[in-house]
Amino acid sequence: MSRSTQRRTLPAALAAAAAVLAVLPLTGTAQAAPVGAAKVSTAFQLPGARVYPEGIAADPRTGDVYVGSYTTGAVYRATPGHRAAQVFLPEGADGRHTANGLKVDRAGRLWVIDSTAGVAVYDVRTRALLARFDAPAADARFLNDLAIGPDGTAYVTDSVRPVVYRVTPAELARAEAHGRRAELSVGHDLSGAIPAHPSGSFTLNGIVADPAGRFLLTVDMTGGGLYRIDLHDGSIRQVPLQGGDLVNGDGLELAHGTLWAVQNKSDTLTRWHLSPDGTSARLERRITDDSLQIPTTVVHTGGRALVVRSQFDKGGPMGPGIPETPFTVAYVRGF
């Protein structure tokens, strides 16, 4: 994947997982949904020629936005009113090779996924590493996205194993107090709920937590299904989707009964009305626009929907070519 001696080569495991993403179907089978006025523009730029951004998170206290690089592991911070982000955590910091899913919790901690290694937790004020949770040894793993529950518990998806890892506040406190290192443990196993896919296919990707703490929702990006994990009894069920599917489903966001989804390889954003108990969803809106440049996730902050433009198909993990630089995060009106 390297195009010059200055460009970083992805670890073999990451490259293999990325190759899987490249062969996923281009489009799903979703039916037409209402289309209204939507405008895609640039919210801010990211410095660097090999960024290929993937994750995004907003700090609810400050409005600062954090974006992670899939290819270098760098994390950038964009502050309100500025058109260019700055490096917050440099590439390779703390041995990190990728920066996939990101979240800022209510205590001002930034959670950063390294897809083949684990999850690192930082203090956003000091940039200090507070703790690192290593992925358990396995033949294959690809940690992808995370959500923070209202009690502070973090949930992390694995795209090649149908499991969701869990880090409780007590586990985080123990790790901080004992060497800042611990191992991720599986909180939920979805192997009995998700249909079988071809060997090597990506499954779980985006994940969100119900603000009331009742359930999680996660997407199977290959099958296009949405799954509900009950946090009280651990039961797992597929959520019926009225009007479409979530093939190529990547980042999710949930607020006030609305579920937003990014469907990466089809350059599509969808908005769903979720039932109060999270057991069904109805498609309300679909936006497909090639200017989204393989979107990977979305966050709403400051009254704006910000969508990551990964450009994975332009010299990145999904294909050859030359990306448009600088890399950018889009502002999508009407979503």
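Let me begin with a definition: a residue is called buried when its relative accessible area is under 20%, exposed when that area is over 50%, and partly exposed in between, with a 1.4 Å probe and protein chains only. What we are looking at is a predicted model, in which local features need pLDDT of at least 70 and side-chain atom pairs count only at pLDDT 80 or more, whereas totals for chains, interfaces and linings use all residues. Residues are numbered from 1 along each chain as its sequence is written, and side-chain values use heavy atoms, leaving out hydrogens and water.

On that definition, buried residues account for 56% of the 335 residues in the protein chain. The secondary structure of this chain comprises 2 helices and 26 strands, where helices (H or I, at least four residues) and strands (E, at least two) are DSSP runs numbered from the N terminus. If we take contact to mean heavy atoms within 4.5 Å, then 55% of the chain's contacts with a separation of 6 or more are between residues 24 or more positions apart.

Let me turn to one residue in a helix. Leaving aside residues up to four places away in sequence, A175 touches A131, F133, R180, R181 and A182. A175 also lies 7.7 Å from R132, C-alpha to C-alpha, although the two are 43 residues apart in sequence.

R83, by contrast, sits in the loop between β4 (75–78) and β5 (86–89), and R83 is exposed, with a relative accessible area of 55%.
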